Amino acid sequence: MIEWLLDLLLALALVSTAAAALLSRDLFRAVVVFIAFGLLMAVCWVRLQAPDLALAEAAIGAGLTGVLLLDAVSHFRRGNSHGLESQAEEEN
Amino acid sequence: MSTPLLYALTGVVLWGIGLLGLVGLRHLLRKLLALNLIGSATFLILVGLAQHHNGPDPVPQALVLTGIVVSIAATALGVVLIRRYFHLTGCTELGNGAEGSKEDRAP
Amino acid sequence: MSNWLMAGLLFTPLALATTSLLLNFRQGRALAWLGMVLQLLVSVGLRGLVKQEGGFYYSLAGWDAPLGIELRVDGLAVTFLLLTTLVASGCGIHAGIYLKPDKPWQRYFWPLYWFLWAGLNTVWIGGDLFNLYVGLELISLAAVGLVALGGQAEALRAALRYLLAALLGSMAYLLGVALIYGQFGTLSLAEVAHQVRLMDQAELMRPALVLMLVGLALKTALFPLHGWLPPAHGIAKSPVSALLSALVVKASFYIAARIWLEAGEVVATQWMAQLIGALGAAAVIWGSWLAWCQPRLKQVVAYSSVAQIGYLFLLFPLTFGVDASTSLQAQQGITLQVISHALAKSAMFLAAGNLILAVGNNRVDALAGVSHFLPFSLFSFGLAGVSLMGLPPSGGFAAKWMLLQASMASGQWWWILVLVGGGLLSAAYVFRIYRASFLERDEKDHFYHPDRRLEVVAMLLAVASLGLGLAGSQVLSVMALPFEEVQ
Amino acid sequence: MRSPTAYVSVLLLVIMLTALLGRAVWQLAAFDSGSELPRLLQNNLAASGVEHPVTAVLLNFRSYDTLLEIAVLVIAAMVGISMARTRSLEDPELRTADALLRALLRWFVPLMLLLAAYLLWAGADRPGGAFQAGAMLAATGVLMRLTGMPLDFLRPGLLLRIGLVLGFALFLLVGLASAIAGEAFLAYPPGLSKALILSIETLLTLSIGMILLALFVSAPVNNASEPEEGEQ
């Protein structure tokens with residue numbers, strides 16, 4: 001019974017982080033929440049007796065995807081703040 | 001209701017959320033996030049439904065492992081294209097107005 | 001023998017992709033010619049084998065389905081392997097001359113080209129639902145890469161739209177596969193088809209079937225999910241567009257058709273079949289109309305693809321709830337339509353590429369005067385157009401004739417309107433190009449003259465699509481080769 | 001720009017679709033498939049050469065899926081480096097001046113490499129394998145990059161391209177060799193399965209790590225139109 005409740009809680013947490021990742025106004029926060037979602041997914045795989053998937057999800061799904069996306073977000077910010085024209089100069 | 005089935009049904013809800021995000025959101029990176037959610041949802045349904053019947057089943061687990069690797073490949077490809085697109089145009093959205101999201105939405 | 005042929009078929013494209021990644025564009029091109037010859041030998045060899053001994057299941061890695069992955073080599077698969085060899089070689093030869101080798105990113109063209117080819121081969125002979133998913137992803141990502149190659153803003157935008165649509169389509173398909181695995185506990189298409197016929201609750205498979213069909217329809221760009229296709233096919237380099245329109249969209253359609261023919265009769269409803277047919281009909285009309293409106297040459301050809309893809313979906317109503325001979329006729333008609341469209345559309349895109357190279361501009365109204373100086377490419381364009389319109393003796397005519405008969409035999413006369421109306425509309429947009437190119441400007445030859453070989457490739461494909469009508473029965477005989485059920 | 005009614009109708013449509021999907025899953029759950037695949041897998045596990053069933057499925061029973069999946073990864077990496085632009089490898093903003101972090105990393109990096117090696121080795125009989133190990137390798141690389149350590153082997157060039165396809169090429173050659181020896185494509189000769197699977201996994205780990213890292217490192221940072229190439 002208590003395990004079942006934990007599962008239910010985990011399911012609810014998955015759904016709410018998923019929704020939060022999409023609804024968050026700030027892109028950076030959205031990605032961070034998405035990484036949290038990936039980690040919750042890893043826990044999920046443990047609950048589903050799939051340790052391989054848990055490892056892969058934590059390393060690839062949450063870790064690397066997260067890094068790629070965070071890098072992109074920080075890049076967009078830099079691009080926005082000091083503008084595209086500065087990059088045009090760099091070209092020469 | 002068994003644990004795997006619970007997760008399969010969670011996957012169903014996640015599919016709905018992801019689909020809404022993919023259709024409704026404009027920022028390309030967010031669309032990519034939504035697609036990743038849809039991917040996770042699919043994997044949950046695949047494993048959950050199979051294990052509801054069979055108990056721990058290595059076949060769908062292996063399939064999902066393949067699926068995870070394919071989706072990181074696709075995501076990484078998407079990020080590279082989005083970044084390059086951003087550098088050339090300064091945009092992080094597709095096209096202008098409804099035009100850009102036509103492909104996701106059946107009118 | 002079958003072992004060698006199968007190994008050659010699966011190994012060659014992947015090995016060439018790997019090797020050409022280590023070479024530059026010119027070396028990759030030389031290697032590609034070798035690969036085309038190998039693929040030709042292998043696919044002709046497989047045809048001979050299937051003709052002699054009948055089609056067969058090939059268990060990869062020595063494990064039979066459902067544990068391992070099985071490939072199904074039958075007449076239809078061999079037909080598509082041969083078609084792929086022909087069309088992809090044509091596009092490859094054209095690309096080798098058309099693309100400028102001095103750009104550093106061009107070296108990635110050949111690896112992507114060969115990965116795409118490997119994915120296509122996988123799909124034609126795939127017999128395992130999940131393996132088909134991986135094959136589809138291989139095709140999609142390679143295709144997206146080819147569209148984006150060079151990294152211009154417009155190309156990137158088109159590639160991104162393509163990527164998002166393709167991924168969503170794959171996910172819908174995979175969700176269908178997940179449901180099927182939950183229901184049948186197997187991934188082998190043959191096994192699923194076998195079980196669903198014995199089952200008394202076949203309609204349980206309906207959601208899975210719908211999901212797979214919707215996902216694959218999105219990847220095939222069936223109206224109204226076609227939004228991604230015209231930008232991607234319009235912006236890509238012409239040989240790439242040819243490859244995408246001729247073969248890539250057919251791969252997802254092929255899977256949809258295979259699943260439908262195996263399970264549709266038991267699982268689907270008349271209502272579903274008619275709806276898919278109606279969407280196909282809408283695609284024919286709407287796509288042709290938009291093709292007529294486009295200001296750019298390649299967009300005309302791309303929207304024409306949307307229209308021509310519409311015909312393919314008439315397969316669904318024409319094989320549902322009809323007698324076996326009508327169903328077979330419809331299947332043959334659709335197969336001919338796939339082949340003739342692949343040949344005609346690749347010819348058309350390649351010819352369009354030559355014309356654009358000549359006038360230095362993608363606009364239809366820039367073509368004025370080109371008829372005097374580049375009659376050869378324009379003629380190829382026209383010949384391909386004849387096949388799209390469905391005039392005799394082209395392959396398009398043979399295909400539509402069979403579909404017409406199937407519509408009559410099954411009493412679904414309304415599809416005849418689509419077949420005839422679509423032909424008239426395609427005549428309209430082809431003649432629009434012709435009129436633009438026959439307009440007089442001045443009598444000076446200010447056009448660039450592309451390499452003769454570029455024009456020859458387009459012409460050969462156009463002639464093939466035209467001649468298909470005459471050789472229709474021979475082509476269909478390959479499809480009808482016997483298949484020996486092992487199970 | 002889009003009207004509220006459009007939003008609401010899309011929302012309702014998606015909710016309806018979700019409900020339908022939920023119903024489908026529920027119905028299928030009540031229906032017993034009686035799949036014999038898990039039993040079949042257990043019976044043949046001994047013949048696969050590895051004791052861990054997931055690895056057996058990935059690298060033996062369904063090895064063709066895995067082969068194509070690596071191909072998908074290679075495609076992504078190729079497109080990634082085709083878009084890579086010159087100075088991405090010496091991004092000055094990435095270099096950290098934090099001495100503590102650097103010192104920490106000196107310990108961390110070997111530890112992570114060790115973990116990757118363990119994951120690879122574990123794959124034969126318990127959870128782990130080439131993908132997890134490769135991801136770990138890539139994560140190590142990401143850390144090294146974030147602290148500004150030089151990663152010269154990731155410079156677009158022949159060496160990088162060889163690294164990307166190394167695992168894939170070995171996999172493919174093993175497949176061909178078995179076909180030439182008279183077995184089916186990708187079938188391992190009996191007795192050699194374990195050795196072959198392990199060597200394929202080792203090279204795959206390297207390649208996967210390199211691919212994932214290349215995708216991170218080569219992400220475009222400016223709008224230069226000509227990419228850099230190591231050698232021409």
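Of the five pairs of chains in contact, which chains share the most contacts?

**View 1. Chains in contact.** Chains C and D share the most contacts of the five pairs in contact; contact means heavy atoms within 4.5 Å. Chains A and C do not touch. Their nearest C-alpha atoms are 15 Å apart. This is a predicted model: local features need pLDDT of at least 70, side-chain atom pairs count only at pLDDT 80 or more, and totals for chains, interfaces and linings use all residues. Residues are numbered from 1 along each chain as its sequence is written, chains are lettered from A and ligands numbered from 1 in the order in which they are written, and side-chain values use heavy atoms, leaving out hydrogens and water.

**View 2. The helices of chain D.** Chain D has eight helices and zero strands. Helices (H or I, at least four residues) and strands (E, at least two) are DSSP runs, numbered from the N terminus. Among contacts in chain D between residues at least 6 apart in sequence, 76% join residues at least 24 apart.

**View 3. Cover and surface of chain D.** Of its 232 residues, 59% count as buried. Buried means under 20% relative accessible area, exposed over 50%, partly exposed in between (1.4 Å probe, protein chains only). Chain D exposes about 9,800 Å², by the Shrake-Rupley method with a 1.4 Å probe. Carbon and sulfur atoms supply 70% of that area.

**View 4. D:Val8 on helix H1.** D:Val8 lies in helix H1 (residues 4–30) of chain D. Its relative accessible area is 45%, so D:Val8 is partly exposed.
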